[in-house]
Every structure is written in structure tokens, then in C-alpha cells.
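Dear colleague,

I am passing on the structure below, and my notes on it follow directly after. Please read them alongside the coordinates.

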Amino acid sequence: MFGAGGGTSSYREIEETDCVLLWGSNARETHPIFFHHLLKGVRRGARLIAVDPRRTTSARWAHLWAGLDVGSDIALAHAIAREIVAAGLENREFVEHATSGFEEYRAAIEEWTLERGEHETGVPAAVIRDIAHAYASAPRAMICWTLGITEHHNAVDNVVALINLALLTGHVGCYGSGLNPLRGQNNVQGGGDMGALPDRLPGFQHVENAPLRERFERVWGSKIPPLRGWHLSQMFEAMEHGELAALYVIGENPMSSEADHRRTRRLLTGLEHLVVQDLTLTATAEAADVVLPAAAGWCESEGTVTSSERRVQRVRRALPPPAGARDDLEILFELARRLGHDWGRPDPEAIWNEVRSLSPVHAGMSYARLAAEGGLQWPCYDESHPGELFLHSRLWERPVRGPRAPFSVVAHDPPVDRLDREFPIRLTTGRRLEDYNTGVQTGRYAYPRRRGESLDLSPEDADRHGVRDGDRVRVVSRRGSVEAPVHVDESLRPGLAFMTFHFPDQVATNVLTIDATDPRSGTAEFKASAIRVEPLER
Amino acid sequence: MSSDPIWFQPAPRPSRVPEAPALPERERVALTVDGREVEVARGDTLLEACRKLGIDVPTLCWLETLTPVNACRVCVVELEGARTLVPACSRKAEPGMKVLSDSTRVRRARKVVYELLASSVDLSTAPGLDRRMAAYGARPDRFGAGATVARPVKIDNDLYVRDYGKCVLCYKCVEACGTDAQNTFAIAVAGRGFGAGISTEHDVPLPDSACVYCGNCIAVCPTGALMAKPEHELRAAGRWNEAAQTVTDTICGYCGVGCTLTVHVQDERIVKVTSPLDNQVTHGNLCVKGRFGFEFVHLGRPR
């Protein structure tokens, strides 16, 4: 946001904040050690507000739980914003000096009264009012979110709606306040920082910005395509149109993880050439023409990863990879050699130093400092720079340094997969504490209470369908159907069901999900499918 | 370029490096330990005063990441004017205190504490304790005919075992499971006297309890009463060999929090995962995936 692709705050700040809006995040289970920091804040008196359709194990720690309808996040954010403005709780000074576009924003949210908010979100007007007053009045306040915000067809708009709240109240750019996406994978932050985004070069530098691109071209001695590439969903579209015929997949299992599994399988198996580089023979690897066995990045190789607080830290080789498996770097170097480019021997530190020479925000992070200082947070401009504890402090300089932070007008747009008489139940998906993504890594350790995939139903819906814990049902969406046992879960409200995607061998949850994707981020709407439940014979 | 969206240009650098607000200066407190003068901040403990002077005070139930519970009494020191010995780990320093950290009375108290513990509990896997006991001349056999805490090892799951015959009731696991770290509250001390022990609710097996298998209790256990299963099994087979292990710090491969994992490897297999107590992200704590979710790394390796 505001030209930097990362969360604004550090974990230690949440211990000293006054109010936390945990929005679309079950951090208690998905980011357990971050939640330790959050609980310290709660024990010091911070007010915790959980915004989640489910009353999750995180929400159980909250002073206030807003159980909104899936996909009504923008409506809720707008209603909160309107109440803040109506009550005169916005930060006038900050809005005037550090932001732009406030009047248009105010006009856009004007219609979002508490009553309209309640009608669209299912959250009582009094609760929306409480959230608005708690967030705006807190001396320090944070918004933290996860995939409940971003796995929607309007993911970017959802994020923008939250950013607007922080701009309205001035809760960004100072200690203990901020906007924090909690990253789901150990290096999703670092991957983006290093340019594994369709429009970015290392250091979050835009590929279409000619002066920035030319610096890379000089060092690399080659031309870089001057236009952004495809994100994941666009790649699948390109496969659909025959524009993409070969795919090289490194450490990802799209066959199991992508929405609308049938379409995914058809497109991946229809490729002319599929190369998969992974630790195990994943479902995607099984469909590949070539499989390159890789080392486990976190314990069998050397390098760095970047966490949700922008902290770059060293990963180290604790043991050699098993026979036949090779480090990702070795594989890439060997591939380059066979394509006619001899890059020599792979040296992780030398590659990192090249990153430092090209990315100003990483320039100060030598391997020696990363080891001695327990990692460093970007931006870290030179060897004497400590790294930034929180971002965007420039917005509090007077006059503001650099461009103002813009309010963006976004509109509430409910999930694409509509509920109707035929598909009356909203299915949302997510993770459990003990398992991870498609289970490639977690499926092999003996968690004592692992119970496998289930369709989690509210007690009311279970009664209505005449099913009990363990009964098998058919779950049908507009794209396909699966069979799964029922698990009755009191954290769910009537009309809301939940599944994970941890056990694709038992239940291919993504047969059900919709591939309606956000046009900018390319993220599919995993959080909102419409289903019906058909009990099977006992 | 001014019409470009804000994300097109790199974010401008602030004119000052952002910092946390300065904490109020804490008042200084002057005291003497073993006749030597020392100054600490108000709120610091006698243990911190001793360590500042380089004085080695033993502890068992104390840990820098946990709230002191004053259970074990091995850290006691003599405080002039106090009737009883005081626990250094929790007693706050006050101006003008005169402390003796190694007097005859202190040494005798520590010796007897060690003797009572070692005569009733199996301390064979408590790291460093044998050296401590030797230093204080502790002879547990003096109490050898006394009652002992002998209990079968509890193995009710595949991740960690509980051998309460080794438990000194230091409360560390209870604290780590409770408000000091994990906030799960799966365990507490139940019973009285020799019947006292760490227990789940209604003493149910772990898989039926509130336990979420973070293993943060194992991380703080000072005697090896709580032990991850691979270590327990290797020890039982006589194959646990710390001298042959490598210990490497890396970052967890699961979620994006970035927890430092200290990976203990023996014979090209991960045998234990811990995290440094002084790590600013974890403070020594991990979740179940970070601590136990490494089995997939062993795929394709000889057993």
C-alpha cells in the first residue's frame, strides 16, 4: 500500500496497541505465534474486535465479534466509516494534511447508514457502531487481515476498504497503529519482494517504470520485457485460449489448491509441456512431463525468507537433501547452463548481494548483519540503517513527505456464486491449526486429533438436514459435487458451512469452489461458494 | 510522472528512522551483594543484580520468559534483616539492601533442596543438574529411604511423552500453557503432597484434553519429564547422542510469521525442534506445525 508491498507494523507493536480489528483472520490457528503477541496486547488492555463469519477460536478471545455474512466486508467497512464521520471521530488533521480524495470517499459512504450496514452484513447496527467508536477513538489501533479479505473476486477492493478506515482515523504510520496482512506462507512476502509478481522487479520496483527497469538491464546485460506478465488466474485463462502451452511449477500444487478443480485438471493436463519441481510427487507432479525433485527450502538449503513484519531472515541447511533431490538454486543454474548460460556455481550469498545492489530497500542487509541482528526489516537502506519498525511515518511529517495517501472509492459487490433455492448454503474454506494447505507437508506427522476432511455445519443446518456428526453427505455446488462426513460446529451460524482443503485425497474440496477471480490480484473466491447438502444413506 | 499511481514509484524515505516511543527512565536502585556495590533499575530482581555482578545463582523453576512462581527455592539468597531466605528470582531490589548470595546458610539450603528433589524424583535427564548438585555437595542418598514419586511414563499420543517420575513441580509447563505464552490452559497442578502432579482436566489423556500440541511445555521443562517422542524413543534405545548432533537455526517453512526453528539433527534425521528463548519473534515458543511437522523431510531417506 502507498507504494510499499508489505504490512506496516511489527509484531511487538501489537503488544502495545489499544485496539485490534482482526478481520477475516483466524490467527489463533493460522498464525499461532503472531497470536501470542496479540494476546499480550489484549492482556495489557487492548480491545480485540474479530470480524469473521465464523466464531473462530480467535473470535473467542475477542471483546466483540462481528459475524458478518461472507463477502459483505466492504459494506461493513463503509458503515463503520460513515459512523466515524457522522460521529465526528475522523482524524481531521491527518485527513487534511496526509491524504487525498476524502470528499469523494465521504460522498460514496454517505448512504451506508448503520441500518443499511446491518441489512447488508447481518451485523447488528449497535455492533457496527461499537466497532466504529472503538477503532476511531483508540489512541493506537491496528487492522490485521488474512485470506478472509483477499480470497474474494473483489480482493483488492476489500483491502482498499480497510486502508480507507486507517486513513480516515490516522491509524497508520505511527507506533502501535497500522495495516497488516498476515502472510499465509513462510516466504509469500519475500517472493513478492524478490519480484515473483507479474509487475514487479526485486525490491517491489515496477517493471513498467523505465528508469528502474533499465538499472536491472544494465546489471543483467539483457533486455527485460517492459510490460507486466500474467498472474496465476490469467495464466489459466491463457491456457484456456491456447496462448500458454508450457508451464514450469516450482513448489506449488495447483492441481489441488486451485479453485474449480475440474477446470484446473483439464487445463493442466492439456498443456503441451508441464515441469514440476517439488519435494514430493504432488498431484500436480503426477500430471507433469518432467519432475525435478527439490530440496526442502527451509532446512536443506541456504538463503533468506521474509516474514509478515517485513523481516528478512536466514534459512540454513540443517541436513543434506535425500539422494536425488537438489537445491532449487542448483536446479535453476543447471537449467540455465543447458539453455546456454553458464552462471557458474550457485552461491546464495552472492545472489543476495546482487539483490542488495539492485533493491535499495534491501541494500543494508548483509548476511553478517542478518545473522547477528536476528534478521532485519525492510526498508534497510544501508549498513548503518536499523530497518524500519513501521512504514509510512512520512505521512506524519508536515508538510507530508512525498505523495499524499489516496482514499479510493470502492463499491460493495456480493460474492459471484449467488445463493438461491437450489444452492441455499454459503460454503467458506480455510485452514485448521494442525494442517497446512494441500497437506503435502503436514499429512505425514502424527497429530493426535487429526480428523480428516469434513463438511462443518451449524447445529441448526444439521438438524434441518437430519444429519449428525459423522454422517456422510453429498455436497453439491454449481461446479460439481463431493462426498464428506458431517461435523457439527457451533462456531457456524445457520446458512454457513466450512471445509478445509487439507485432504484432497479424501475430499477434493476445490471441485466445489468457484474460480471467480479478482482482476488485479488474480485471487479466486475460495471464501464464497453456494452449495446444497444431500444426506446419503446411513 | 506525478499522475502515476502512488505504487508506481518507490515509497519516499522518511526524514527520520521511525522508532518506538522512548520508555520512561527507571529510577536506579543501589544495593550490595556479597559486599560489592551494584546498581539496577527499580523493578529488577535480586537475581538480575547478582547476574550483573557475574554471580552465578542457580535456578530451576525460573525462566526469563515466564513469571516467577517461587516453587523450587534453589535461588534463595540471604537478605540482611529478613527472617527467612528470599528467592532471588522474584524479590525486587530495594535501595540499601545487603544480600549474601553464597553464605553458609544459603549453601546449606540449596544443598538440601537438591537432596530432597533428587531423592524423590528421577533427575537423570535434567541438563546440568548433576554438576550443580556436586557443587553444593548434595547427597540425595541421605533421604534415600524416603518417599519417591514413581509413576509409569504416560504415552498417549505420538508427539510427546510425559514422565512425571521426573517432574519437580516447577510449574513452568503450566505457566507456558497458560498466560505466559500459549493461553491454552490444558494443564494445572492437581492433588496435594506426594499426590501432587501436573494434570489435564479430570486427568483425561492428552488427546481428550484441551492440549493443542504446541509443545511449549516441553520447551520449558527443566528435567526432561516432558519430551518429544523421537528423543524419548532414541533414549530408550540407547541411541540418543547429543555429541553427534548438529544444531542449526533456520526459519519455519509453514505460515508467514517467520519463527526461528533450531533444528537438532542426528544421523541425517531431525530429532528435535526448538526455538531460542531470546528470539524476538518466538520467545522460544512454536506451534504444533513448527515443532512437530517435520516428518515429510524424512521421506526418501533410509530409516
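Leaving aside neighbours within four places in sequence, Ser10(A) is in contact with Glu309(A), Gln377(A), Leu389(A) and Phe390(A), where contact means that the C-beta atoms of two residues, placed from the backbone, lie within 7 Å. This is a predicted model, in which local features need pLDDT of at least 70 and side-chain atom pairs count only at pLDDT 80 or more, while totals for chains, interfaces and linings use all residues. Residues are numbered from 1 along each chain as its sequence is written, and chains are lettered from A and ligands numbered from 1 in the order in which they are written.

Ser10(A) lies in the segment before α1 (11-14) of chain A, helices (H or I, at least four residues) and strands (E, at least two) being DSSP runs numbered from the N terminus. Ser10(A) counts as buried because 27 other C-beta atoms lie within 10 Å; the cut-offs are 20 or more such atoms for buried, 12 or fewer for exposed, and partly exposed in between, with C-beta atoms placed from the backbone. From Ser10(A) to Ser308(A) the separation is 298 residues in sequence but 8.4 Å in space, C-alpha to C-alpha.

In the helix α19 (residues 348-358) of chain A, the buried residues are Trp352(A), Arg356(A) and Leu358(A), and they pack against α12 (210-220), β12 (303-306) and α20 (367-372) of chain A.

For the pair formed by α4 (residues 73-86) and α8 (residues 125-137) of chain A, the axes come within 9 Å and cross at roughly 65°; axes here are lines fitted to C-alpha atoms, for helices over the stretch in contact, and angles run from 0 to 180 degrees between N-to-C directions. On the α4(A) side, Leu76(A), Ala79(A), Ile80(A), Glu83(A) and Ile84(A) meet residues of α8(A) that include Ile128(A), Ala132(A) and Tyr135(A). By class, this contact has nine nonpolar, no polar and two charged residues, with Ala, Val, Leu, Ile, Met, Phe, Trp, Tyr, Cys and Pro counted as nonpolar, Asp, Glu, Lys and Arg as charged, and the others, Gly among them, as polar.

As for the chain as a whole, chain A has 21 helices and 21 strands, and buried residues make up 53% of its 538 residues.

Finally, the contact between the chains takes 66 residues from chain A and 59 residues from chain B. On the side of chain A that touches chain B, α3(A) gives the most, with six residues, and the classes there are 33 nonpolar, 22 polar and 11 charged.

With best regards
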